[in-house]
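Good morning, and thank you for joining.

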Amino acid sequence: MRWIRAISSQVEETAENLGGKALGLVLLRRLGLRVPDGFVVTAEACRVFLREGRLPESLHDEFTTAVADLEHRTGRVFGARERPLAVSVRSGAPVSMPGMLTTILDLGLTPEATETPEPVPAETHDRASAARSRLRPLERAVEAVFASWDAPRARTYRALNDISDGLGTAVIVQAMVFGNKDEHSGSGVAFSRDPNTGENAPFGEVLFEHQGTDVVSGGATTRPLRELAGREPAVWAELCDALRRIERHYRDACYVEFTYEAGELWFLQVRPGRFGGAAAVRLAVELVDEGVIEQREALLRVSPRHLRHARTPRLDSAEAEILARGIGACPGVASGRVATSPDEAARMAAAGVPVILVRPETSPDDMRGFAVAAGIVTARGGPASHAAVVARSMGRPAVVGVGGLVFDAANGSATIADRLLTPDTLLTIDGTSGDVAAGSPRILLTPAGTHLHRFLAWSEEISSDGSTQGEGG
Amino acid sequence: MNRPRTGQPDPRLLVLHALRCAGACGLARIRAVTGLDESRLDFVLIDHTVDGLLARVFDDPPCWRLTDAGRAEHARLIADELMTAGARAFVEESFDRFLVLNPELLDLCTAWQLRSVDGVMVANDHDDAAYDARVLDRFADLDRRAAAVCAELSAALPRFGRYRVRLAEALGLASSGALEYVTDSTASYHTVWAEWHEDLLVTLGKSR
């Protein structure tokens with residue numbers, strides 16, 4: 001096949017053609033981990049689509065064959081009323097562009113698709129054209145993902161990140177697995193180590209009896225990953241084992257997205273962990289201790305910028321009562337009493353009380369509140385929300401998108417993890433990890449501690465070695 | 001679609017509207033938001049205060065804010081304005097176009113403040129002039145598309161034309177080296193944009 005590749009351990013292909021996400025899926029297969037069945041339409045097909053405004057002519061037949069094979073292997077039929085094949089159609093560019101390109105889930109479960117299947121005509125030609133019209137919604141989805149490459153927002157993202165406009169994206173078509181199937185199903189994301197501290201213990205979030213999109217969209221409240229251990233011990237054991245295997249391959253911490261359906265664990269995405277700050281330092285030092293990498297490589301893995309951020313104060317999450325976790329939008333730790341309106345924040349601050357401003361989301365009217373607050377918490381929004389932008393512009397520690405924070409529109413009250421917030425409530429927030437903690441727990445001023453000292457000592461040894469050699473030569 | 005009827009903005013509404021969209025603010029900022037000259041503004045502020053629509057807040061610097069009565073009067077006037085101009089459908093369409101641009105603006109502000117280093121976001125220390133220039137270049141590109149949306153809106157409701165002036169000012173200052181005019185000052189591109197967003201919501205009587 002020219003335009004399509006199976007997701008199999010045999011595929012030998014570059015990221016340029018297969019895309020980073022599909023390459024990750026191939027890696028998972030090679031490591032013997034369960035990946036939903038499917039195939040990849042290459043980025044080369046996207047490049048043709050972008051140039052000519054339509055899919056390459058010879059792709060249609062390949063596509064029909066690939067779907068037919070998938071139907072055969074899964075024992076399901078796309079568009080059928082009984083046992084329909086539901087697929088995800090996901091972008092996967094050669095260079096990661098998180099959130100910029102289109103993804104379509106649950107395709108084949110829509111009413112549109114369930115109306116088309118017809119008895120297969122005898123004539124081969126008719127059969128081919130019938131198959132093609134039956135699969136038209138699927139091809140449309142592929143076109144939609146390809147077309148999203150040229151959306152202005154995606155173009156801007158590439159311009160900012162030095163990514164060529166000519167790359168295009170691959171498209172991954174995979175059978176859906178359902179995290180909402182029964183009580184032994186769920187979805188989650190997992191790091192092999194804690195990305196906030198670097199501690200060597202799996203870290204992440206899980207959503208019981210939900211699909212993966214709900215984890216990412218914040219549409220439902222997630223639970224800490226470790227709760228999976230008690231609820232689904234077999235899935236947990238398999239996940240921990242997989243994280244170790246992937247780490248061994250990358251020689252680095254890793255991140256996975258997973259779904260388990262009726263007790264069976266599936267992997268949907270994998271990449272290296274990409275830790276920053278104190279976590280990057282601890283990870284590098286411990287990988288040396290574990291014999292995975294050499295000191296010299298450890299030093300190369302932590303950039304000077306991350307080293308600078310290793311000194312950002314952090315909440316001691318081991319000793320804190322964490323009420324909720326959102327997205328850290330501006331690093332730093334702040335403690336204060338709760339204000340739920342800008343007026344209240346202004347009054348409290350005028351009386352000399354440090355304030356944590358807690359809002360559903362922010363409007364320009366909140367700016368006064370931002371100006372006087374020690375820290376900011378919002379229920380909605382992501383790292384690129386108005387609230388996050390303003391918090392950073394003022395250098396205020398901020399946590400946004402806090403799932404457990406609920407505002408009652410009727411009486412204006414706010415609760416966090418079912419605890420009513422009043423002006424007497426004392427909160428501490430960590431704008432790196434996104435933790436919101438009760439009271440004023442211990443703050444770590446140099447969170448990387450002994451790891452940072454050892455790291456800096458290696459750095460000095462090696463640079464003095466280097467200068468000795470330099471003088472000798 | 002037929003262009004809606006247009007009229008000159010009513011200064012009484014402009015002042016209430018500025019405080020509704022930008023939140024409580026001081027004299028200089030109200031002037032910047034409304035574009036009203038000082039003597040005119042003084043009159044309106046006095047009238048509104050006498051009518052109980054505004055209250056002074058003795059912060060540092062002192063500012064003005066809407067009272068509950070002011071909020072109610074504003075809601076009435078703004079709904080009237082849209083109805084009289086027959087502009088609802090027109091503004092709705094422009095708002096849809098605005099919402100396409102909004103995530104890109106927020107991406108750009110984020111790129112201005114944070115940089116990806118080995119896949120991890122860290123603060124942009126503005127040491128790399130080439131990077132900053134690239135971000136500003138994308139701001140300029142977005143600004144051209146935003147200008148088109150703003151022009152449509154101004155054709156329906158002329159007061160929206162003020163955003164064009166203020167956004168262009170912010171971008172001009174930022175490009176000439178006053179970096180705080182991107183995200184940091186109360187006249188920054190982001191601040192003006194956020195007011196524009198709020199304005200559209202308020203004008204159409206929508207919540208976020």
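In chain A, the C-alpha centres of domain 2 and domain 4 lie 27 Å apart. The division behind that figure gives domain 1 as 4-175, domain 2 as 186-272, domain 3 as 277-310 + 447-472, and domain 4 as 313-445; such bounds come from an automatic or database domain assignment.

Please keep in mind that this is a predicted model: local features need pLDDT of at least 70 and side-chain atom pairs count only at pLDDT 80 or more, while totals for chains, interfaces and linings use all residues. Residues are numbered from 1 along each chain as its sequence is written, and chains are lettered from A and ligands numbered from 1 in the order in which they are written. The model scores are ipTM 0.80 and pTM 0.83.

Let me stay with chain A. It has 18 helices and 23 strands, where helices (H or I, at least four residues) and strands (E, at least two) are DSSP runs, numbered from the N terminus. Its C-alpha atoms fill a box of roughly 85 × 75 × 45 Å along the principal axes. How does the radius of gyration of chain A stand against that of a compact globule with 473 residues? The globule would have a value near 23 Å, and chain A has 25 Å, which agrees; the radius is taken over C-alpha atoms, and the rule is 2.2 Å times the number of residues to the power 0.38.

Of the 473 residues in chain A, 47% are buried. A residue is buried if 20 or more other C-beta atoms lie within 10 Å of its own, exposed if 12 or fewer, and partly exposed in between, with C-beta atoms placed from the backbone. Of the contacts in chain A with a separation of 6 or more, 64% join residues 24 or more positions apart; a contact requires C-beta atoms, placed from the backbone, within 7 Å.

One strand deserves a moment. In strand S14 of chain A, residues 333-339, six of the seven residues are buried. S14(A) pairs with strand S21 (residues 426-430) of chain A in the antiparallel sense over five bridges, and Val333(A) has Asp430(A) as its bridge partner there. With strand S15 (residues 355-359) of chain A, S14(A) pairs in the parallel sense over three bridges, Val338(A) standing opposite Ile356(A). Pairing here requires that DSSP find at least two bridges between two strands.

I turn to chain B. It has nine helices and four strands, in the order α-α-α-β-β-α-α-β-β-α-α-α-α from the N terminus. A compact globule with 208 residues would have a radius of gyration near 17 Å, and chain B, at 18 Å, agrees. Buried residues account for 39% of chain B. Its mean pLDDT (the predictor's confidence in each residue, from 0 to 100) is 91, and 95% of its residues reach 70 or more. Within chain B, confidence is lowest in S4(B), at a mean of 76, and highest in helix H7 (residues 161-175), at 97.

Finally, the interface. Here 30 residues of chain B are in contact with 28 residues of chain A. Which helix gives the most to the side of chain B that touches chain A? That is H5(B), with nine residues. By type, this side divides into 13 nonpolar, seven polar and 10 charged residues; Ala, Val, Leu, Ile, Met, Phe, Trp, Tyr, Cys and Pro count as nonpolar, Asp, Glu, Lys and Arg as charged, and the others, Gly among them, as polar.

Note on methods: Contact = placed C-beta atoms within 7 Å.
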